[in-house]
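Dear colleague,

Please find below the structure that I am handing over to you, followed by an account of what was found in it. I would be grateful if you would read the two side by side.

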Amino acid sequence: MEINNSTIKMVSIVMPVYNVERYIAKSIESILKQTYTNFELLIIIDGSPDKSKLVAETFDDPRISIYEKPNGGLSDARNYGLERANGEYILFVDSDDWIEPNLLESTLNFFDEDEVNIVVFGYILDNEDLQKKLLSSKKIICEDLVLNRGEDDFYFDENMINILGYAWNKIYRAKFLKDHFIFFEKGVSLVEDILFNSKVYEKTNRLIFLNAPLYHYIDRPSESLIKTFHKNSFELYLKKANAIEAFLNSWRISEKKKKIVLASVITAGIRYCVNNLFAFKNNLSEKEKIDYIKLIISHTETQKYIRYYKAVSVYDKLYKKIISAKAVFLLYILCKIKK
């Protein structure tokens with residue numbers, strides 16, 4: 001496709017960088033191969049201690065700008081890029097992932113209408129080993145869809161919740177973000193993407209879904225023992241649930257659907273917290289672990305929504321029964337065995 005850069009609008013691609021010297025080259029290359037060529041790439045070196053910046057500097061392209069700042073985390077780095085973006089559209093790309101060459105070309109035409117402030121697209125979950133060998137790929141997509149505020153047409157399942165949650169499988173209108181002062185919440189981990197997107201969804205009147213997997217999210221093995229368990233993880237998932245609830249309320253989604261969505265979010269949070277209680281490094285005693293499990297499965301929000309959780313597999317049904325019954329020790333044993 002031949003493109004006249006003087007007549008088309010520019011995209012700002014924001015790429016936070018931290019400890020990705022082995023992967024960043026492929027990420028940058030995939031951006032430079034875009035068929036839509038009017039973009040700027042803002043590479044934000046977020047206090048990275050490795051050679052990521054040196055790798056980025058090997059690319060000689062006037063569309064690339066490299067910034068270096070003290071480490072402030074993913075949200076802070078994205079905000080830093082947002083504040084310096086000159087484009088009319090924003091795309092976030094994680095520096096250890098990569099994108100299809102037609103991502104920009106496939107999405108930007110949908111912004112012809114003023115009411116469109118965000119376009120959502122699918123992604124490919126690539127599973128790699130430590131040698132960067134591709135082990136498997138799975139397409140995560142939804143149907144082509146246009147949703148307007150007030151329409152109760154959402155089909156909510158775990159797949160749709162994930163697609164709505166991430167920041168990197170979306171193109172945003174920059175003016176819309178700036179007019180509504182929408183930025184990432186600094187200092188928040190795990191749920192920063194959905195907190196950002198929920199504010200977007202609350203303010204916009206239309207969502208465009210594109211049935212095309214255009215982003216490659218790379219799942220790589222990591223040493224879980226070097227990860228530290230944070231006792232506020234469940235609080236963060238409750239924060240995520242509250243943000244999603246505010247969005248669903250603003251779009252006037254039915255109470256029935258809302259309860260199913262929130263049940264799925266909270267159950268996923270319980271699973272994450274309890275499993276990582278045994279998988280991640282921590283100094284908690286066995287009693288403290290049991291007390292923690294008791295705290296989260298006895299929580300008011302947990303018991304309020306667990307009844308609406310749509311369990312499909314035998315394991316999910318067992319999990320739901322254990323949480324509903326507040327069977328703390330049984331859940332402790334189950335997750336300890338499963339770790």
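**Pocket and cavity**

The lining of the second largest pocket comprises 14 residues, and those nearest its centre are Phe156, Asp157, Glu158, Ile260 and Lys310. A pocket here is an open set of points on a 1 Å grid over the protein atoms alone, with protein on both sides within 12 Å along at least five of seven lines; a cavity is a set of points where a 1.4 Å probe fits but cannot get out, and lining residues have an atom within 4 Å of a point. The model is predicted: local features need pLDDT of at least 70 and side-chain atom pairs count only at pLDDT 80 or more, while totals for chains, interfaces and linings use all residues. Residues are numbered from 1 along each chain as its sequence is written, and side-chain values use heavy atoms, with hydrogens and water left out.

The volume of the second largest pocket is about 290 Å³, a volume being the space filled by probe spheres set on the grid points, which are joined across faces, edges and corners. Its lining has 8 nonpolar, 1 polar and 5 charged residues. In this classification Ala, Val, Leu, Ile, Met, Phe, Trp, Tyr, Cys and Pro are nonpolar, Asp, Glu, Lys and Arg are charged, and the others, Gly among them, are polar. Helix 9 (255-279) and helix 5 each supply at least two residues of this lining, and helix 9 gives the most, with 4 residues. Helices (H or I, at least four residues) and strands (E, at least two) are DSSP runs numbered from the N terminus.

The structure also holds 1 cavity of 30 Å³ or more. The largest cavity contains about 60 Å³ of space, and its lining includes Phe156, Ile161, Tyr201 and Val261. This lining divides into 9 nonpolar residues, 1 polar and no charged. Helix 5 (158-165), helix 7 (192-203) and helix 8 (233-250) each supply at least two of its residues.

In strand 10 (residues 206-219), 11 of the 14 residues are buried, that is, under 20% relative accessible area; exposed means over 50%, and partly exposed lies in between (1.4 Å probe, protein chains only). Two strands pair if DSSP finds at least two bridges between them. Strand 6 (residues 118-128) runs parallel to strand 10, joined by 9 bridges, and Val120 stands opposite Phe209. Strand 8 (residues 145-148) is antiparallel to strand 10, with 4 bridges, and Val146 has Ile208 as its bridge partner. Strand 5 (residues 98-99) pairs with strand 10 in the antiparallel sense over 2 bridges; here Trp98 is partnered by His216.

**Two individual residues**

Beyond its neighbours within four places in sequence, Asn276 is in contact (heavy atoms within 4.5 Å) with Phe229 and Asn282. Ile337, in helix 13 (residues 328-338), counts as exposed because its relative accessibility is 68%.

Yours sincerely
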